[in-house]
Amino acid sequence: FDGTQWTTEQSGTNERLWAVRGLPGKDPVAIGSGGVYLQRADSGWIATTVAEGRYLYDLWDDGDSAILVVGYNGLILRITDPAWQTLSQGRTHWIGGLWTSSCGRTYAVGKQGVVFQSMGGGWQDISPELPDVDYTAIWGPGDDDFFVVGSDGVIARYQDGRPWEIWRLQSRANLEDIWGSSRGDVFAVGAAGTIVHFDGYSWETMVSGSEHSLASVHGQGPHDVTAVGLDGVILHFNGLVWE
């Protein structure tokens, strides 16, 4: 997307791709199944295989110098030029979502209800007591306040010094991603075109105009939010309606 229109680019792989991100001033990278790692260059996307072919599910920048990648069976990698560093592997959980706060602390979420936070050279389990939930995404305005979403319509909020706050959508729709512009303006998306919005006090269902499952949501502010999903659906929120 160049600000006006979308253009198809050849990826050089048939693997399923799940996440894309870039460091400031550098070309973006993308990851996916089979350990595929794509780098965008002037000549096109260049595909390589990393992590012994294990599935890679999400990535996030660790400041301005490195990218963190999470994948199958608790794999966490840190990419710095020119090396890959393995931070964690061999856990019994699948790690599917990753987020680094503005303060530099990293959080990872995944299957069997796990929520990890980075602590020095290791990871601390801060999961709420909901082991039957598979978490897919995490976002928050800071270390002291963040949300996680997952299967069965579960939304959990962590606030420093307070117990976890738990919501479960009446529709029980699986939620796939979450993003917000502030503590009082948060969007979560998921199955069957589900979009819910948090105003700082409660969650409200929004009319998406689509029945396609939504996989990701992000924005530039409360009047400029985009969600994408199955069959190439792209939805945009202008502060009033989704189109």
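This is a predicted model: local features need pLDDT of at least 70, side-chain atom pairs count only at pLDDT 80 or more; totals for chains, interfaces and linings use all residues.
Biologist: In the hairpin of β2 and β3, which residue takes a positive phi?

Modeller: Strands β2 and β3 are antiparallel partners joined by 3 bridges, and across this pairing Ile-31 stands opposite Tyr-37 in β3. The hairpin that they form leaves 3 residues between the strands, and the residue with a positive phi, near 65°, is Gly-34.

Biologist: Which residue in β2 is the bridge partner of Ala-19?

Modeller: Strand β2 also pairs with β1, in the antiparallel sense and over 4 bridges. Within β2, which covers residues 29–32, Val-29 and Ile-31 point one way while Ala-30 and Gly-32 point the other way. In a regular strand, side chains alternate between the two faces of the sheet. The bridge partner of Ala-19 in β2 is Ile-31.

Biologist: Are Val-29, Ala-30, Ile-31 and Gly-32 of strand β2 buried or exposed?

Modeller: A residue counts as buried when its relative accessible area is under 20%. Although Val-29 and Ile-31 point one way and Ala-30 and Gly-32 the other way, all of these residues in β2 are buried.

Biologist: How many residues lie between β3 and β4 in their hairpin?

Modeller: Strand β3 pairs with β4, residues 44–49, in the antiparallel sense over 6 bridges. One of the paired positions joins Ala-41 to its bridge partner Gly-44 in β4. In the hairpin made by β3 and β4, the number of residues between the strands is 2.

Biologist: Which element gives the most to the lining of the second largest pocket?

Modeller: The second largest pocket holds about 340 Å³ of space, and among its 17 lining residues the closest to the centre are Val-29, Tyr-37, Gln-39, Ile-79 and Asp-81. The elements that contribute two or more residues to this lining are β3 (36–41), β6 (66–71), β7 (75–80) and β8 (83–88). The element that gives the most, with 3 residues, is β3.

Biologist: How far apart are the closest N and O atoms in the salt bridge of Asp-61 with Arg-21?

Modeller: A search of the whole structure finds 9 salt bridges. Side chains of opposite charge can pair when their charged atoms come close. Asp-61 forms a salt bridge with Arg-21, where the separation of the closest N and O atoms is 2.6 Å.

Biologist: In the hairpin of β15 and β16, which residue in the turn has a positive phi?

Modeller: Strand β15, residues 154–159, and strand β16, residues 165–168, run antiparallel and are joined by 4 bridges. The hairpin has 5 residues between its strands, and the turn residue with a positive phi of about 85° is Gly-161.

Biologist: Is Phe-1 buried or exposed?

Modeller: Phe-1 lies in the segment before β1 (17–21), and together with Trp-6, Val-228 and Ile-234 it makes a nonpolar surface patch of about 430 Å². The cut-off for an exposed residue is a relative accessible area over 50%. Because the relative accessibility of Phe-1 is 57%, this residue counts as exposed.

Key:
Residues are numbered from 1 along each chain as its sequence is written. Side-chain values use heavy atoms; hydrogens and water are left out. Two strands pair if DSSP finds at least two bridges between them. Patches are made of residues with over 30% relative accessible area and no salt bridge: like charges are joined within 9 Å, nonpolar side chains (Val, Leu, Ile, Met, Phe, Trp, Tyr) within 5 Å. Accessible areas come from the Shrake-Rupley method with a 1.4 Å probe; for residues, only the protein chains shown count as cover. A salt bridge is a side-chain nitrogen of Lys or Arg within 4 Å of a carboxyl oxygen of Asp or Glu. Buried means under 20% relative accessible area, exposed over 50%, partly exposed in between (1.4 Å probe, protein chains only). On a 1 Å grid over the protein atoms alone, a cavity is a set of points where a 1.4 Å probe fits but cannot get out, and a pocket is an open set with protein on both sides within 12 Å along at least five of seven lines; lining residues have an atom within 4 Å of a point. Grid points are joined across faces, edges and corners, and a volume is the space filled by probe spheres set on the points.
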